[in-house]
Amino acid sequence: MDTFVSRHNGPRQNEINEMLKKIGVSSIDELIDQTVPHGIRLKKPLKIAPAMSEFQYLKHLKALGKKNKVFRSYIGLGYYGNIIPPVIQRNVLENPGWYTAYTPYQAEVAQGRLEALLNFQTVVVDLTALPIANASLLDEATAAAEAVFMFHNNRSKQKQNARKFFISKTVFPQTIDVIKTRSAPIGIELVIGDVNEINFDDSFFGALIQYPDINGEVNNYKSFIDKAKLKEVQVAVASDLLALALLTPPGEWGADCVVGNSQRFGVPLGYGGPHAAFFACKEDYKRLIPGRIIGVSVDAEGNPALRMALQTREQHIKRDKATSNICTAQALLAIMASMYAVYHGPAGIKDIANHVHGLTNYLAGELKNMGYTLKNNLFFDTLTVSLPKNVKAAVIKEAAEKNEINFRYVDDSTISFSLDQTAALEDILDVLSIFLVAAGNPKLKSDSIPDFASKIKGSFAERKSNYLQHPVFNSYHSETEMMRYIKRLENKDLSLVHSMIALGSCTMKLNAAAELLHLTWPEFANIHPFVPVEQAKGYLQIIKELDKDLSNITGFSKMSMQPNSGAQGEYAGLMVIRAYHISQGHTHRNVALIPQSAHGTNPASAAMAGMNIIIVKCDNKGNIDIKDLKEKAESNKENLSCLMVTYPSTHGVYEEGIKKITKIIHENGGLVYMDGANMNAQVGLTSPGNIGADVCHLNLHKTFSIPHGGGGPGMGPIGVVDKLVPFLPSHPIIQTSGEKGISAVSAAPFGSSLILLISYGYIKMLGRDGVTEATKIAILNANYMKEILKDHYKILYTGKSGRCAHEMILDCNDFKMASGVEVADIAKRLMDYGFHAPTVAFPVVNTLMVEPTESESKAELDRFCEAMISIRKEIQEIIDGKFDKTDNVIKNAPHTIKLVVSDNWSKPYPREKAAFPLKWVKANKFWPSVARVDNAFGDRNLVCSCAPIEAYMEEPVNA
């Protein structure tokens, strides 16, 4: 029993036997034979090591961690050491109530994390002095690239032919590289240069500057902004939230958009991530802003309620016309950053900023006294030093590494370093001793008086405006109060700690504790992404082994770990395909065939990659229409770039003709991109490479057990066939590919490296047989549920033998006409039973897509099915005329405790039917904290930050 596979998979053997009997087969292997087409089955077992026990794995991981060297890293470039408050580490980062929740599409059971994300948006709005912020993006570089796209889409009629975008040469190199990747396919010309020398004309539509810049300089950009505005050039600023606690915010000096990384607000370095980028902009861009915005609305009882605003921008509605391919981002890390601001408050944040700035001032003064020349006039936390002729950077590097300190070595005569919250006076003295010895001085003068005085105060850059004045940032500064606030929010949210979350195409499986323990181990959490590779040998060994295992599982030659979300993986895969065609002299190959059943991020990613999109029909069984595919592939033979296909299909079926489909594409000069969203139905049984795909992204936050975190983080590494290996993403600082590699798709060389270890642990502890067993149990669980539900709901698509893959679609279209009940109503009613809804209205309108995963027990599957059958009976009561079509237990769902205990109960059904529809609900009742949220009200009255302080005063200001 004490094996990881027995802990990971839900059903026990006696339950499996009962489930097989219900399905009508004698063994799991018989079920798999009836479900997975024989023509695509793997002939040999996977070449993965045998399973480790949890104890063995943690011992193994500790040994690997010892190969990493945890130096004091003052490298900067958007990544900084910080102190994670233990109350946040313990109660958020290490708490499954937070990390196992899903993206808050079902707002009524997500008010806690919605509030935390609204707090994050408020932090960003206040510190940048811009009116709108989103709920996070993937990283700073990606956020900057999204700003370029937003500006491009917002060009005025007079600027429609403007194709140039200016980037200051003092922007971080990884940001420039990602923007290069994103700009090339849509024809944006980048001009990289000096802000003081650029002369804008009508060919420019936007610009990006860094504040403070790469050298640490706090520039006065007033004249730059003025000349940009004269030519209708939109300006984005990459900045630093902690610096903005002291510096005049860009929103006050004319910036249109501000982006950056919130990592230094209490999130581990993690060798590059995950971290929450921030993105703020002017009101003019509210219909173009990428990602998700949390907005204030009201519920059916008239109470304030939060929700994701402007949801019509979702990719599966706008598809190739979407503003971005961002599906979700970095919710868990944004929540941590917001809690950091709540815990410290405005005074605490300012104290931390002054601490960092004061030490930097002292360091600057002492270096000057030693004869070193600073390139900075005004700075916050970063100094760039010119070395005298008699001092070599190599000498300082050797001495620094002996003292376990990392600097950024700009060239042979220039060194830069950035201080952070963890730095103390002792650390500064260690730094100074290195520079003293290099300059030939034996020791620091003991009679010198440290100068910590702020150089920002009294300068043009001093911030005068207040921030974080809302009560939430001024109330919870003791650990007791903070702990209770975090718990209060957590209690509003439904997550895997409560019940199964059967979201189709989302694979909400177990996130095992043993896979997550490393997240706060210093040997993994405290590594800067740009340290010398010899300091990250443990990480690099893990990445190499994970590459090997994932390549074997997918049937590919090599993986790139750089894409830090599924949508990023899609985009990276398409860009690799594009680079390959260009290398063959086929620059004209830009047609992407996409089935009409595809996830909306597929056409959105293809559009970003400069593809012309042609939609392929599906037949009445949900399969790709092979005749239509063949006709479109042949008619576009000269320009065909690729097919984007999901397998099993988003309809939950293993398509029998998949090898024929991939052959057609290859015969017409194209390549096959496979969306790995449904990889949980492939592992160990078939593989993308075996089917004929050339490239595939994996959602590690689905199949390979990384938690969804309430809307991120995720990872989307891509695997490729041999001929595409040379084109995998490169990086400007750490080598990740060969000479032909496309430029970077993410800020960090290996994406969100810290969470790669979760998938590494998943594979190591399940082993060769366990990963295959997990796939089989996922298929078993789905088919068991199908057999129970098929007599109550129409199952929309099945395979040749009447089986589904790992998920199924329940057709709810007939209910609307007969009872007025729509699929969204069923989703809300499920909350009263203690369940999160399955995927609503995707990939088919008015349906529910159900995916149970392998981690759920038979008892939990039975409870969910019982709830669905009970709701079906409630629908029948409406059809039979027992209840009104508009005033019934489903249309009024969910029911809050406030409503149920009210003295004014006026519903046409009893309270018990509303709140406790089945006996077992009473034993473990989850109460939605708000009634049904009014989506339209929230969009008409967009509010995406905490109310101003005046809203909390007894008398209105100036009343």
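1. Asn781 is buried, at 0% relative accessibility (buried means under 20% relative accessible area, exposed over 50%, partly exposed in between, with a 1.4 Å probe and protein chains only). This residue lies in helix H24, residues 753-789 (helices are DSSP runs of H or I with at least four residues, strands are runs of E with at least two, and both are numbered from the N terminus). The side chain of Asn781 reaches the backbone oxygen of Glu856 at 3.2 Å. Leaving aside neighbours within four places in sequence, Asn781 is in contact with residues including Pro11, Met19, Pro852 and Leu861 (contact means heavy atoms within 4.5 Å).

2. A note on the source: this is a predicted model, in which local features need pLDDT of at least 70 and side-chain atom pairs count only at pLDDT 80 or more, while totals for chains, interfaces and linings use all residues. Residues are numbered from 1 along each chain as its sequence is written, and side-chain values use heavy atoms, with hydrogens and water left out.

3. Thr248 is placed in the loop between strand E6 (234-239) and strand E7 (257-261). With 15% relative accessibility, Thr248 counts as buried. Its side chain reaches the backbone oxygen of Glu462 at 3.0 Å. Not counting residues up to four places away in sequence, Thr248 touches Tyr211, Trp253, Phe460, Ala461, Glu462 and Arg463.

4. The largest nonpolar core has 319 residues, of which Met339, Leu367, Phe407 and Phe435 touch the most other members (a nonpolar core is a set of buried Ala, Val, Leu, Ile, Met, Phe, Trp, Tyr and Cys residues joined through side-chain atoms within 4.5 Å). Helix H12 (residues 331-369) gives the largest share of this core, 21 residues. Another core, of nine residues, lies apart from it; among them are Val109, Leu503, Cys506 and Met831.

5. Phe435 is in contact with Leu367, Met370, Tyr372, Leu387, Ile396, Phe407, Ile415 and Phe417, leaving aside its neighbours within four places in sequence.

6. Phe452 lies in the loop between helix H14 (425-438) and helix H15 (479-490). Phe452 is partly exposed, with a relative accessible area of 37%.

7. Val901 has its place in the loop between helix H28 (897-900) and helix H29 (911-915). Val901 is exposed, with a relative accessible area of 57%. From C-alpha to C-alpha, Val901 and Glu866 are 26 Å apart in space, and they are 35 residues apart in sequence.

Notes: Polar contact = N/O pair within 3.5 Å; in protein donor to acceptor, adjacent residues only side chain to side chain.
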